[in-house]
Amino acid sequence: MSRSRIQNISMHLFLVVMSLISLFPFYWMVVSSTNKTSDINMGKFTFGDQLLVNFNNLTSQVDLPLIFWNTSKIALLSTFATLAVCSIAGYAFEIYQSKNRDRVYAALLTTMMIPFAALMIPLFTMFGKAGLLDTHLAVILPTVSGAFIIFYFRQCTKTFPKELIDAARVDGVKEWKIFLYVYVPIMRSSYSAAFIIVFMASWNAFLWPLIVLQSSDLKTINLVLSSFASAYAPDFGLIMVGTVVSTLPSLLLFFAMQKQFIASMTGAIK
Amino acid sequence: MRLFHDPMFKTALLNTLTFLVIQVPIMILLSLAISSCLNSPRLKYKQWFRLAIFLPCVTSLVAYSILFKSMFELDGVINSFLLFLHIIDEPIAWLADPFWAKVTIIIAITWRWTGYNMIFYLSAMQNIDKSVYEAARIDGVSPIKQFFFITVPLLKPVILFTSITSTIGTLQLFDEVMNITNGGPANSTLTLSLYIYNLSFSFVPNFGYAAAVSYVIVAFAAVLALLQFKVAKDR
């Protein structure tokens, strides 16, 4: 066997092993949701017949539709608000000239480097003073203006044909109408890619909702799962059904828009 | 000034730095290796491999933390698998032993984020002019040397970008340690973020002191980012 053939085979083998490691926890999640907790703890990794039992246990302990509704409501509202705010900001940074534009932009980008843990306490006291703690609004608001998404939209705007704006201005179209009726329709694919990124981030958010939301009828699915898992003797069968339920929406969204997602992940840093 | 005499703070700082120093290089090397394989023209089923390795990024931090917690139980699936292969003779107490708990966290983070970094490298590699490699191949440069002397230098800006984002990510490590080990056993996986959270919301609330710890994280993020810029420029 030639040397390049050995290299070729070992390359495939390496990727197969990596893929199996990547996929195994998903398999484990689905299999465990069909098993009893005692079997899961014993490391049983074949399908069982407890799926319905586990699902019933889950729905008897939490109001699943309500929790699901809370999570979707937060994720969708914050996604739409983020897209609106950040796309306008990204558009403005690229289109309008002003003296301090680059300085403001640099300051904005440095905020990406501040870890959330450092912002947690000021944010918490701020929302406390505004009387917004324990509301969904408090979960949504801090996510709305994200430096990364503004950065993303500015990069996308660089490819936008600016002659269209000049043409519209000559025709006497108002600035906000140019944005709404010229820019937005053309940039549809950028919007859909940003939609996935922001939606997944807010669907999966944990730390900030954990701090803000106290009432049990406001909680999101991640908070509920985490509280189940930290119990003294966690019922893994029930929890695994919950993780399947919580992973499905972002998984489905990802499969539906896979191409745009990967393109946007890679496009933003070019 | 209480900060410098606080053993909990020192532990949290040390743990966070340990995660940083061990996990970030492993993940970056691993995702570089994977993406250079995925970029090879001779590879079959590219889409499938890429999809499989990227998939962990879709899961929520809470969901995968719980998955790993159950997989790494004392008689859980990982131990039975290792026992079955005769790699170990007796089960490892992944979550109850200070050393193995750290290892578990590192494995978990690597699983979740390697695919994410891979995507950045892959796109950067696809932008490298193919003729560079052709010239190298004609000159008889081996693929391994091509990787170190062509691919890595050309990818430097992207490697810098991912190492900064991973560094910041590690400094904010919270969801995983909270859900897998809750900082234990004996604070061996306590991170700075979890410590701030405990100070502000679990123990008797102490916002002032927690804010002081927050400043330390900001300072660290800034210093580490500057350091990485410097290293990248010197080469």
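Mentor: Let's start with one term: two residues are in contact when heavy atoms come within 4.5 Å. Please keep in mind that this is a predicted model. Shall we begin with A:Phe153?

Trainee: Gladly. Which residues does A:Phe153 touch, leaving out those up to four places away in sequence?

Mentor: They are A:Leu83, A:Cys86, A:Ser87, A:Gly90, A:Tyr183, A:Tyr191 and A:Ala194. Each is called a contact because it has heavy atoms within the 4.5 Å limit.

Trainee: What makes a group of residues a nonpolar core?

Mentor: Its members must be buried residues of the listed kinds, such as Phe, Tyr or Leu, joined through side-chain atoms within 4.5 Å. In this model the largest such core has 154 residues, and A:Phe153 and B:Tyr197 have the most contacts inside it. Helix α5 (residues 98-126) of chain B gives the most to this core, with 12 residues. There is also a second, separate core of five residues, with B:Leu160, B:Ile164, B:Ile168 and B:Ala232 among them.

Trainee: Let's turn to B:Asn79. Why is B:Asn79 called buried?

Mentor: Its relative accessible area is 0%. Buried means under 20%, so B:Asn79 qualifies. You will find B:Asn79 in helix α4 (residues 77-84) of chain B.

Trainee: How do you know that the side chain of B:Asn79 makes a polar contact with the backbone oxygen of B:Ile92?

Mentor: The side chain of B:Asn79 reaches that backbone oxygen at 2.8 Å. A polar contact needs N or O atoms within 3.5 Å, one able to donate a hydrogen and the other to accept it, so this pair counts as one.

Trainee: Now the charged pairs. Why is the pair A:Glu94 and A:Arg154 called a salt bridge?

Mentor: Their closest N and O atoms are 2.9 Å apart. The limit is 4 Å between a side-chain nitrogen of Lys or Arg and a carboxyl oxygen of Asp or Glu, so the pair passes. A:Glu94 lies in helix α4 (residues 64-95) of chain A and A:Arg154 in helix α8 (residues 147-157), 60 residues apart.

Trainee: Are A:Glu94 and A:Arg154 buried or exposed?

Mentor: A:Glu94 has 14% relative accessibility and A:Arg154 has a relative accessible area of 7%. With the cut-off at 20%, A:Glu94 therefore counts as buried, and A:Arg154 is buried as well.

Trainee: What makes A:Lys158 and A:Glu94 a salt bridge?

Mentor: Here the closest N and O atoms are 3.4 Å apart, which is also within the 4 Å limit. A:Lys158 sits in the loop between α8 and α9 of chain A, 64 residues from A:Glu94 in helix α4. At 42% relative accessibility, A:Lys158 falls between the 20% and 50% cut-offs, so it counts as partly exposed.

Trainee: How far apart are the N and O atoms of A:Arg169 and A:Glu175?

Mentor: Those side chains meet at 2.7 Å, N to O, in a salt bridge. A:Arg169 has a relative accessible area of 33% and A:Glu175 has 31% relative accessibility, so A:Arg169 is partly exposed and A:Glu175 is too. Elsewhere, shared partners join A:Glu94, A:Arg154 and A:Lys158 into one network. Over all chains the structure holds four salt bridges.

Trainee: How many salt bridges are there between chain A and chain B?

Mentor: The count is zero. Polar contact is found there, though, in seven residue pairs. The area buried between the chains is about 5600 Å², with carbon and sulfur atoms giving 78%.

Trainee: Which element gives the largest share of the side of chain A that touches chain B?

Mentor: That is α1(A), with 19 residues. The residues on this side divide into 41 nonpolar, 19 polar and two charged. In the contact, chain A supplies 62 residues and chain B supplies 63 residues.

Trainee: And how many helices and strands are there in chain B?

Mentor: Chain B has 11 helices and zero strands. Of its 235 residues, 55% count as buried.

Note on methods
Residues numbered from 1 in each chain as written. Chains lettered and ligands numbered in written order. Predicted model: local features only at pLDDT ≥ 70, side-chain atom pairs only at ≥ 80, totals over all residues. Heavy atoms only, no water. Buried area = accessible area lost by both parts, 1.4 Å probe. Helix = DSSP H or I, 4+ residues; strand = E, 2+ residues; numbered from the N terminus. Nonpolar A, V, L, I, M, F, W, Y, C, P; charged D, E, K, R; others polar. Buried < 20%, exposed > 50% of the residue type's maximum accessible area, 1.4 Å probe, protein only.
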